[in-house]
Amino acid sequence: MNTGLFITLEGPDGSGKSTQISYLREYFEEKGIDCVFTREPGGTHIGEELRRIILDKDNREMCDMAEALLYAASRAQHVEELIKPALKSGKVVVCDRFIDSSIAYQGYGRQLGDSVRVINEYAVGECMPDITFLMKLPPAVGKSRINTEEQDRLEQEKLDFHNKVYGGYLEIAKHYSERFICVDASRDKEAIRMDLIEAVEKALQDRGILCL
Ligand code: TYD
């Protein structure tokens with residue numbers, strides 16, 4: 001259904017997604033390619049309101065299924081309001097986290113299992129990423145990069161939770177190997193940037209968005 005290109009970035013907290021997203025932004029600007037940068041949870045007015053509720057450290061009583069459904073609700077709104085229209089008009093969309101975050105964090109981390117995939121397949125319909133970059137970094141390393149004061153409700157979870165999430169990501173990447181590109185995120189930023197740009201450039205050429 002897509003005429004544009006849908007790219008998502010995934011990985012444990014502190015794996016350097018934001019830095020790489022800023023490099024991708026520079027790249028698309030330089031090439032003059034129309035690109036929408038967005039994130040989850042969030043990306044729309046309703047999504048950002050849900051984000052505040054989901055990540056609020058004071059919402060300790062939130063049950064796991066409510067958490068999973070709120071992420072999915074934010075995603076459904078995001079797809080309908082922003083992602084689908086952008087792709088339909090031929091744009092590139094780069095999204096910081098998407099469906100695989102829910103499968104990893106709520107499915108594996110919270111151990112809600114396959115119900116998370118099912119709920120989220122309803123939420124996104126046919127709108128699945130063309131390329132998903134998985135920033136591979138052991139959670140203990142990622143966690144140590146985040147200031148304790150600044151950690152949100154999910155980031156505050158114990159290392160055991162984050163290890164389950166990470167194990168989940170590795171499984172998901174194996175299962176959806178046609179769209180996943182795994183990147184060793186323990187290397188320096190420039191080496192990671194080059195890997196991402198190379199893959200993006202190839203996809204842009206394949207779709208005729210970028211000519212040689
Ligand atoms: P965010 O603040 O964007 O963190 P990061 O900068 O590491 O990407 O993400 C918020 C947190 O929400 C993050 O710990 C991952 C978690 N999350 C889920 O648990 N499920 C989801 O579906 C999404 C999108 C994020």
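Modeller: Let us begin with burial. This is a predicted model, and of the 212 residues of the protein, the share that counts as buried is 48%.

Biologist: What radius of gyration does the protein have, and what value would a compact globule have?

Modeller: For 212 residues, a compact globule would have a radius near 17 Å. The C-alpha trace spans about 50 × 35 × 30 Å along its principal axes. The value for the protein agrees with that of the globule, at 16 Å.

Biologist: Which pattern do the helices and strands follow along the sequence?

Modeller: The protein contains eight helices and five strands. Read along the sequence, they give the pattern β-α-β-α-α-β-α-α-β-α-α-β-α.

Biologist: Which strands stand at the edges of the sheet, and why is one side of each left without a neighbour?

Modeller: The five strands form an open sheet with parallel pairing, in the order β2-β3-β1-β4-β5. Each edge strand has a single partner strand, so one of its sides has no neighbour in the sheet; these strands are β2 and β5 (180-184).

Biologist: By how much are neighbouring strands of this sheet turned against each other on average?

Modeller: The sheet has the strand order β2-β3-β1-β4-β5. With direction ignored, its neighbouring strands are turned against each other by an average of 20°.

Biologist: Which residue of β5 is the bridge partner of methionine 135?

Modeller: Strand β4 (residues 131-136) runs parallel to β5, and five bridges join the two. Within β5, the bridge partner of methionine 135 is valine 183.

Biologist: Which strands does helix α1 touch, and which does helix α7 lie across?

Modeller: Helix α1 (residues 17-31) packs on the sheet, and its direction makes about 155° with that of β1. The strands touched by α1 are β1, β2, β3 and β4. Helix α7 (residues 159-175) runs at about 140° to β4, and the strands across which α7 lies are β1, β4 and β5.

Biologist: How many residues of strand β3 are buried?

Modeller: Strand β3 covers residues 92-96. Val92, Val94 and Asp96 point one way from the strand, while Val93 and Cys95 point the other way, and all are buried. The number of buried residues in β3 is therefore five of five.

Biologist: Which residues of β3 are paired with leucine 9 and phenylalanine 37?

Modeller: Strand β1 (residues 5-10) pairs with β3 in the parallel sense over five bridges. Strand β2 (residues 35-39) and β3 also pair in the parallel sense, over five bridges. Leucine 9 has aspartate 96 as its bridge partner, and the residue opposite phenylalanine 37 is valine 94.

Biologist: Is histidine 78 buried or exposed, and with which residues is it in contact?

Modeller: Histidine 78 lies in helix α3. A relative accessibility of 0% makes histidine 78 buried. Leaving aside neighbours within four places in sequence, its contacts are Thr38, Arg39, Glu40, Gly42, Gly43, Thr44, Ile83 and Cys95.

Biologist: Which residues are joined by a cis peptide bond?

Modeller: Proline 41 lies in the loop between β2 and α2 (45-55). Omega of the cis bond is about -10°, and the residues joined are glutamate 40 and proline 41.

Biologist: Is arginine 97 buried or exposed, and is glutamine 111 buried or exposed?

Modeller: Arginine 97 lies in the loop between β3 and α4, with a positive phi near 75°. Glutamine 111 lies in the loop between α4 and α5, and has a positive phi of about 60° although it is not a glycine. Buried means under 20% relative accessible area and exposed means over 50%. At 11%, arginine 97 is buried, whereas glutamine 111, at 56%, is exposed.

Biologist: Why do the buried residues of helix α5 line one face of the helix?

Modeller: The buried residues of α5 (residues 115-124) are Val116, Asn120, Ala123 and Val124. Seen down the axis of α5, these residues line one face because they fall within an arc of 80°.

Biologist: What covers the buried residues of α5, and which residue follows the helix?

Modeller: The cover of the buried residues of α5 includes α3 (64-88) and α4 (99-109). The residue that follows α5 has a positive phi near 60°, and is glycine 125.

Key: Residues are numbered from 1 along each chain as its sequence is written. This is a predicted model: local features need pLDDT of at least 70, side-chain atom pairs count only at pLDDT 80 or more; totals for chains, interfaces and linings use all residues. Side-chain values use heavy atoms; hydrogens and water are left out. Buried means under 20% relative accessible area, exposed over 50%, partly exposed in between (1.4 Å probe, protein chains only). Helices (H or I, at least four residues) and strands (E, at least two) are DSSP runs, numbered from the N terminus. Two strands pair if DSSP finds at least two bridges between them. The arc is that of the directions from the helix axis to the C-beta atoms. Contact means heavy atoms within 4.5 Å. The radius of gyration is taken over C-alpha atoms; the globule rule is 2.2 Å times the number of residues to the power 0.38. Axes are lines fitted to C-alpha atoms, for helices over the stretch in contact, and angles run from 0 to 180 degrees between N-to-C directions.
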